[in-house]
Amino acid sequence: QNKYHMQKNLKIAHSRRRLPHCIIIGVRKGGTRALLQYLKIHPDVQVAPDEIHFFDSNENYSKGIDWYRRRMPQSFDEQITIEKSPNYFVDWNTPSRVKMMNASIKLLLIVKDPFYRAVSDYVQIRENRLEKDMEMEEFEDLAIDPISGNVRINYKAINRSLYYIHTKRWLKFFPLEQIHIVDGDNLVLRPFEEMEKVETFLGLRHYLSDDHFVFDRKKGFYCIHRENGAHKCLNRTKGRPHPKIDPDVMNQLNDFFEPYNQQFYELVGKTFKWPK
Ligand code: A3P
């Protein structure tokens, strides 16, 4: 064997499936897929392509940690493994289960303007239902109780935007230093800027640059610039058009989110410019 093949075989021998060093816990529609795909560009990162739903599904969780490990990609000693399951953020069982696996794990949470995130959440559910020929009410009717006129706090698309409540639960199990919060609105506008902070948090060398991203006018979003000159955008389920929401409902929801937003800023020591 020549030196090249010996080194290559040595590398393969060291490649194995490892439990994640970092989990993208959510939030759903925050930009979790974009974050994962951008991390995948980094040579020192391996990502699990599918959402595994290990911690938030009793059925999967009961299959045990080796089942979870087998769902991870192959990685080398020097690489870190990352998985994302956006429902983890709002699931009650997940924080303690993750802690039991690895109390020093790094967590990524990507958040967005809560009103726009709620609409994006609604659009996803609506599309899934329409594909099954099922009816779907208007966002306004789901978000606001027509009799009382109050915001429906338990409507999932609304509830998942109450970042304060869910983050507080995670902070009972993990210190804030272990959770990096990505600004999902900024990831759309300035992906490199957000990814540089993510690299620092994960202790990765700075590899990603502005050159890895190219704005696609047709898509209306940044896409990943490939070495061969082509570029790869996220699929059509990412970056969907949103319906126009009644301005009174939008204002009511923004007022409703406001105290939760303020408490979230205080909790995580970071301010966002919501409403957008
Ligand atoms: P919309 O489809 O409502 O615009 P998730 O991956 O967590 O489901 O988040 C989906 C959201 O990611 C999209 O919501 C979009 O706003 C955001 N996003 C961020 N960067 C993107 C990109 N490069 N291409 C497409 N969508 C992106």
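Mentor: Keep in mind that this is a predicted model. Around the ligand, α2 gives the largest share of the shell, with three residues.

Trainee: Which other elements supply at least two residues of that shell?
Mentor: Besides α2 (32-40), you have α6 (114-131), α10 (184-189) and β9 (221-225).

Trainee: And how many residues surround the ligand, and which are the closest?
Mentor: There are 18, and the closest are T32, R33, A34, S120 and F221. By type, the shell divides into eight nonpolar, five polar and five charged residues.

Trainee: Switching topic: what does UniProt list for "active site"?
Mentor: The UniProt entry, which is unreviewed, lists K29. You'll find K29 in the loop between β2 (22-26) and α2.

Trainee: Is K29 buried or exposed?
Mentor: Buried, because K29 has 25 C-beta neighbours inside 10 Å, and the cut-off for buried is 20 or more.

Trainee: Which residues is K29 in contact with, leaving aside neighbours within four places in sequence?
Mentor: R117, S120, D121 and Q124.

Trainee: Let's look at α6, then. What span should its 18 residues have?
Mentor: At 1.5 Å a residue they should span 26 Å, and the end C-alpha atoms of α6 are 26 Å apart, so the two agree.

Trainee: Which residues of α6 are buried?
Mentor: P114, F115, R117, A118, V119, S120, D121 and Y122. The buried residues of α6 pack against α7 (139-143), α8 (156-159), α9 (163-170) and α12 (247-268).

Trainee: What follows α6?
Mentor: D133 does, and its phi is positive, near 60°.

Trainee: You mentioned α9. Which residues are buried there?
Mentor: In α9 those are Y163, H166, T167 and W170. They cover an arc of only 95° around the axis, so they sit on the same side of α9.

Trainee: Why would residues three or four places apart point the same way?
Mentor: Because an α-helix has 3.6 residues a turn.

Trainee: What do the buried residues of α9 pack against?
Mentor: They pack against α5 (94-101), β6 (106-111), α6, β7 (179-183) and α12.

Trainee: Last one: where does UniProt place a domain?
Mentor: The unreviewed entry puts "domain: Sulfotransferase" at residues 20-259. Over that stretch the chain is 39% helix and 15% strand, with the end C-alpha atoms 34 Å apart.

Key:
Residues are numbered from 1 along each chain as its sequence is written. This is a predicted model: local features need pLDDT of at least 70, side-chain atom pairs count only at pLDDT 80 or more; totals for chains, interfaces and linings use all residues. UniProt positions are given in the numbering used here, feature names are shortened, and annotations may be inferred rather than shown by experiment. Helices (H or I, at least four residues) and strands (E, at least two) are DSSP runs, numbered from the N terminus. A residue is near a molecule or strand if its C-beta atom, placed from the backbone, lies within 6 Å of it. Ala, Val, Leu, Ile, Met, Phe, Trp, Tyr, Cys and Pro count as nonpolar, Asp, Glu, Lys and Arg as charged, and the others, Gly among them, as polar. A residue is buried if 20 or more other C-beta atoms lie within 10 Å of its own, exposed if 12 or fewer, and partly exposed in between; C-beta atoms are placed from the backbone. Two residues are in contact if their C-beta atoms, placed from the backbone, lie within 7 Å. The expected span of a helix is 1.5 Å times one less than its number of residues. The arc is that of the directions from the helix axis to the C-beta atoms.
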